[in-house]
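I opened a notebook page for this chain. The entries below follow the order in which I looked things up.

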Amino acid sequence: AGLVVLIASLGIIVRLLVSTGLSERLAIGMVGIASGNLFILLLLIGVLSILFGMAVSTLVCYIIVVILCAPALVELGVNLTVAHFSVFYLSMLSAITPPMAVAAAIGAGIAGAPFFGTCWQAIRIGLPLIVLPFTFVFRPEMLIGTTSTKLLTLLLVSIGLVALTCGVHLKLRGRWNFLRIAYAFLGTVALFHYSYLIAWISASIWLVLILSQLKWKDRIGGF
């Protein structure tokens, strides 16, 4: 019965958003605030997703936010499927981001750890989830390309995410700590640079560096 009431209420909300034209006006307003910048627009959608996620479940949050925000992404040239994937993943961020951070709160309660400290660790561990919605937009071939293109893009994105994660999490010794910055930079370039050639070069450089680190791990540390 509770589920039926929830779905019925959601249907009324969606109908109001569409019939009043609020979703279209909000989309135009968000594009204006972002000044046509996709990255800024995705940040705005992320903030909106976190705000809605404080009050409703991930599924409900996704449905509301996608109605409000997907038109803005499409207006800037983003494929509709890619827009939906990006909004869906952004809708899950409220589980690990303050002020609600339900998943982090549960984990903190079980471990007896401070709430905000647990939130910070959850954000660090969940970095790939935070970055992935942006990656969908800047690497749409991962979702809508041919099979070979999807596989190659998935490989590139995977390398980029691992490189970025290494830059955040690895603990290196002394002067070798600069490698963390290099890893984070190379991962970011691999994920977001418009030139696939430069992106693959960055990914290749990271692979060489990480394999070298594995060889000299006793001196450099990190593993």
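**Entry 1: the loop residue.** I began with Tyr194, which is exposed, with a relative accessible area of 73%. My scale calls a residue buried under 20% relative accessible area, exposed over 50% and partly exposed in between, with a 1.4 Å probe and protein chains only. Tyr194 sits in the loop between helix H11 (178-192) and helix H12 (196-215). I took helices (H or I, at least four residues) and strands (E, at least two) as DSSP runs, numbered from the N terminus. I then looked across the sequence from this loop. Arg139 is 55 residues away from Tyr194 along the chain, yet their C-alpha atoms are separated by 8.7 Å.

**Entry 2: ground rules.** The model is predicted, so I noted its limits: local features need pLDDT of at least 70, side-chain atom pairs count only at pLDDT 80 or more, and totals for chains, interfaces and linings use all residues. Residues are numbered from 1 along each chain as its sequence is written, and side-chain values use heavy atoms, with hydrogens and water left out.

**Entry 3: the whole chain.** I counted secondary structure next. The protein chain has 13 helices and 0 strands. Buried residues account for 39% of its 223 residues. I also checked contacts, meaning heavy atoms within 4.5 Å. Of those between residues at least 6 apart in sequence, 62% join residues at least 24 apart.

**Entry 4: the largest core.** Where do the nonpolar residues gather? In general, nonpolar side chains in soluble globular proteins tend to be buried together. I defined a nonpolar core as a set of buried Ala, Val, Leu, Ile, Met, Phe, Trp, Tyr and Cys residues joined through side-chain atoms within 4.5 Å. The largest one here has 38 residues. Leu41, Ile45, Cys69, Leu73 and Val87 have the most contacts inside it. At least two residues of this core come from each of H2 (22-34), H3 (38-53), H4 (58-75), H5 (80-91), H8 (127-138), H9 (141-144) and H10 (147-169). H4 gives the largest share, 12 residues. Another core lies apart from this one; it has 14 residues, among them Ala163, Tyr183, Leu186 and Ala203.

Leaving aside neighbours within four places in sequence, Leu73 is in contact with Leu38, Leu41, Leu42, Ile45, Val78, Ala83 and Val87.

**Entry 5: cysteines.** I looked for disulfides, taking each as a pair of cysteine sulfur atoms within 2.5 Å. The structure holds 0 of them. Cys69 is buried, at a relative accessible area of 0%. Cys119 also counts as buried, at 1%.

**Entry 6: H5 against H8.** I fitted axes as lines to C-alpha atoms, for helices over the stretch in contact, with angles from 0 to 180 degrees between N-to-C directions. The axes of H5 and H8 come within 9 Å and cross at roughly 170°. That makes H5 roughly antiparallel to H8. For the labels, angles under 35 degrees are roughly parallel, over 145 roughly antiparallel, 65 to 115 roughly perpendicular and the rest oblique.

Which residues meet? From H5 come Val82, Phe85, Ser86, Tyr89 and Leu90, and from H8 come Leu129, Leu132, Pro133, Phe136 and Val137. By class, this contact has 9 nonpolar, 1 polar and no charged residues. Here Ala, Val, Leu, Ile, Met, Phe, Trp, Tyr, Cys and Pro count as nonpolar, Asp, Glu, Lys and Arg as charged, and the others, Gly among them, as polar.

**Entry 7: Thr135.** Is Thr135 buried or exposed? Thr135 is buried, with a relative accessible area of 0%. Its place is in helix H8. Beyond four places in sequence, Thr135 is in contact with Met142, Val157, Leu191 and Phe192.

Entry 8: Leu155 lies in H10 and counts as partly exposed, at 45% relative accessibility. Its C-alpha atom is separated by 9.8 Å from that of Ala203, 48 residues apart along the chain. Thr165 is in H10 and is partly exposed at 22%. Thr165 and Arg180 are 15 residues apart in sequence and 9.4 Å apart, C-alpha to C-alpha.

Ala199, in H12, is buried at 0% relative accessibility. Leaving aside neighbours within four places in sequence, Ala199 is in contact with Arg139, Leu156, Val189 and Ala190.
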